[in-house]
Amino acid sequence: MDAPPNFEEGQPTYRPPRFNGQYYGWWKIRMHDFIMAGDSKLWDVICDGPFVPMKTIGKPAVTVPQTRKEYNDADQKAIEKNFRAKKILVCGIGPDEYNRISACQSAKEIWEALQTAHEGTTQVKQLKIDMITTEYELFMMKDD
């Protein structure tokens, strides 16, 4: 994990770390720590997805999402966590990265979109490892 060159000056603890498209691994760890320090439940929303209040209706019991009018105070607070997590993530990225995540509806979607764009999927990671391993195995010293 590389850190930005010539990074000497500190950053305010009340602002999320800024990501400009470079040094994703460095930003990812700093953003995780920033969110966990503020409210660890926000990190749960990023990992697990937003809370959706549900209700059961009908004789054959069917579970459906509640309407906004049916939310109680606890539901409202749980829903707000997704929006707070989204706000922190959006405030921590530059305009180029915003274009990548502008259609995302939840903090989890934003985090996954950034992760896929900068780290790749599990398959991409495995392909990179395989290519480097093959390159290493074929490495030979030339006569000259």
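## Helix α6

Of the 16 residues of α6, how many are buried? In this predicted model, the number of buried residues in α6 is zero, so the helix lies largely in the open.

Helix α6 covers residues 122–137. Its 16 residues, at 1.5 Å a residue, should span 22 Å, and this agrees with the end C-alpha atoms, which are 22 Å apart.

## Salt bridges around Asp-39

Side chains of opposite charge can pair when their charged atoms come close. The structure holds six salt bridges, and among them is the one in which the side chains of Lys-81 and Asp-39 meet, at 2.9 Å from N to O. Lys-81 belongs to helix α3, whereas Asp-39 sits in the loop between α1 (24–38) and α2 (40–48), so this pair ties together parts that are 42 residues apart in sequence.

Asp-39 also meets the side chain of Arg-84 in a salt bridge, with 3.8 Å from N to O. Because Arg-84 lies in helix α3 and Asp-39 in the loop between α1 and α2, the pair ties together parts that are 45 residues apart in sequence.

Another salt bridge joins the side chains of Lys-55 and Glu-70, at 2.8 Å from N to O. Lys-55 lies in strand β1 (residues 54–57) and Glu-70 in the loop between β2 and α3, so the pair ties together parts that are 15 residues apart in sequence.

Both residues of this pair are partly exposed: Lys-55 has a relative accessible area of 26%, and Glu-70 has a relative accessibility of 37%.

Gln-66 lies in the loop between β2 (62–65) and α3 (73–91). Its relative accessibility is 19%, and because buried means under 20% relative accessible area, Gln-66 counts as buried.

Leaving aside residues up to four places away in sequence, Gln-66 touches Pro-53, Met-54, Lys-55, Tyr-71 and Asp-75. One of these residues, Met-54, has its backbone oxygen 3.2 Å from a polar atom of the Gln-66 side chain. Lys-55, which is also among the residues that Gln-66 touches, is the residue whose side chain meets that of Glu-70 in a salt bridge.

Terms used
Residues are numbered from 1 along each chain as its sequence is written. This is a predicted model: local features need pLDDT of at least 70, side-chain atom pairs count only at pLDDT 80 or more; totals for chains, interfaces and linings use all residues. Side-chain values use heavy atoms; hydrogens and water are left out. Helices (H or I, at least four residues) and strands (E, at least two) are DSSP runs, numbered from the N terminus. The expected span of a helix is 1.5 Å times one less than its number of residues. Buried means under 20% relative accessible area, exposed over 50%, partly exposed in between (1.4 Å probe, protein chains only). A polar contact is a pair of N or O atoms within 3.5 Å; within protein, one must be able to donate a hydrogen and the other to accept it, and residues adjacent in sequence count only if both atoms are side-chain atoms. Contact means heavy atoms within 4.5 Å. A salt bridge is a side-chain nitrogen of Lys or Arg within 4 Å of a carboxyl oxygen of Asp or Glu.
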